[in-house]
Each structure stands twice: as C-alpha cells, then as structure tokens.
Amino acid sequence: MRRLSIPSLPDPSLGQDGSFVESVNVGPIRVVEWRGDRVATGIWKAPVAGRVSVQGVNVVGDDQADRTAHGGSDKAAYVYGREDYDWWARQLGHELEPGTFGENLTVQGVSATAAVVGERWRIGTVLLEVSQPRLPCYKLGIRMNDARFPRRFAAAGRPGTYLRIVQPGELAAGDSIEVVHRPDHGLTVGDVAHIYLRDHSQVDRLLHVQELSDDWHRWARDRRSKGA
C-alpha cells in the first residue's frame, strides 16, 4: 500500500517551555442548510474569555450534535495547533480564525499530531490525556463550504488530537501546557491516522497500545482478521 508522505512536525519534549493555550473555543449546536438538507452541527466554535470549566465529557459551554462521532469520554476535547493553522493559511491563501476546525483548544508550541497516545497534559487545574486523531467527517466540509475539504484535511497529515479528561478543573487562554507523562510505546496521533488512512500493514501497532480506545482496538482486530 502506498505510504502517505506526512509533513515534518515538531516533536514536543517532556515539560517543554513556551507551550500554551492560545484560545479556548466553544459553540452550541446550530442547524445549517447543506445541499438541500438541514444539518445539525456543533462545529462552529469561537474563542471565549475567562476561565472555563472542563468536566465530565466536555468543555462547559460546548456541545456536539452527534455524540456517536464526536464527544464522549475518549473525545472530550479537541486540540489543534497554531503552527498547523499557519500551514493551512499558506495552503489556502488566507488566515483562519481559532476554532475554525472545530477545536476546543487552539495551542502553540506543542504538536498535537506528534503527541504520543496516552501522553498527559497539565493545563491550569485540568489533567488531560491524548487519546486519538480526529478523522474528519462531511461537517468539516460544511464549515469550510467545500465538500472536498475533509479529504484534503485527511491527506495533509495534520489531524490534531482528541483528549480525555483525567482530572476535571478549569483552564483559560494563556495557560501553559506541561507534558507530565509520556508512554514509551512511541505511537503518535499522527501514526494512528496514517495507519488508518494509508498503511494497514502496521495495524498491529495499535493493538499494543492500551491507551487507545476499545473502538480503535476493535477496528485494528477487524483489519488484521481481513489480512490488513
């Protein structure tokens, strides 16, 4: 199977200085018109001021229209990097506002895509755990007004990461990001996306990472049973 050439991304180091939250983004569910249908979506998110509570399976003030695909304990918060936004600005020829990709946290100085699955981040009084990449659905196409954009987003190799809430608390724009734990298995969020989208021959790597969700393990076992 052809390998996807993933752009080089900075590898965050444990306790890296200069990593921080640029903005905290939330949004309610809205109904939009798309190709003759009315679609409920929570992908429109915008920065909010002040300290924000992070608890349960969500960032307070945020919502998702389809919890089977977004949200829940393994996808409680979505993170995307300022450095990735800058890359997209060069590709698209215009700037994008924080929250455009539906992320709850826009961050600087730490690569969400190069983060190791199971890595833990301390932000404010919240402890979060890197869980899995974002696999874009058609609603990203709605947000970008381009039905083909989800495929382009996936091909870029910059999926960002979902986080679990290990310890609830509060965080805000400007808070530093401290990487307090990193598993030694080495499987990154970018690796998971690459294996899923482009290289099923490495599917066994997913089965050895306990920090991946049951859904990912089921997918990996299914792919292996079909000969990857």
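What covers the buried residues of helix 1?

1. Basis. This is a predicted model, in which local features need pLDDT of at least 70 and side-chain atom pairs count only at pLDDT 80 or more, while totals for chains, interfaces and linings use all residues. Residues are numbered from 1 along each chain as its sequence is written, and side-chain values use heavy atoms, without hydrogens and water.

2. Helix 1. The cover over its buried residues includes strand 1, strand 7, strand 8 and helix 3 (149-155). Helices (H or I, at least four residues) and strands (E, at least two) are DSSP runs, numbered from the N terminus. The buried residues of helix 1 are Arg82, Asp84, Tyr85, Trp87, Trp88 and Ala89; buried means under 20% relative accessible area, with a 1.4 Å probe and protein chains only. Contact means heavy atoms within 4.5 Å.

3. Placement. Helix 1 (residues 82-92) lies across strand 1 (20-26), strand 7 and strand 8 (105-108), at about 60 degrees to strand 7. Axes are lines fitted to C-alpha atoms, for helices over the stretch in contact, and angles run from 0 to 180 degrees between N-to-C directions. Just after helix 1, Gly93 has a positive phi of about 85 degrees.

4. The open sheet has 8 strands in the order 4-1-8-7-11-10-9-13, with mixed pairing; two strands pair if DSSP finds at least two bridges between them. Strand 4 (46-48) and strand 13 (177-181) are at the edges with a single partner strand each, so one side of each lacks a neighbour in the sheet.

5. One pair. Strand 7 (residues 77-81) is antiparallel to strand 11 (residues 161-167), over 3 bridges. Leu163 in strand 11 is the bridge partner of Ala77.

Technical notes:
Buried means under 20% relative accessible area, exposed over 50%, partly exposed in between (1.4 Å probe, protein chains only).
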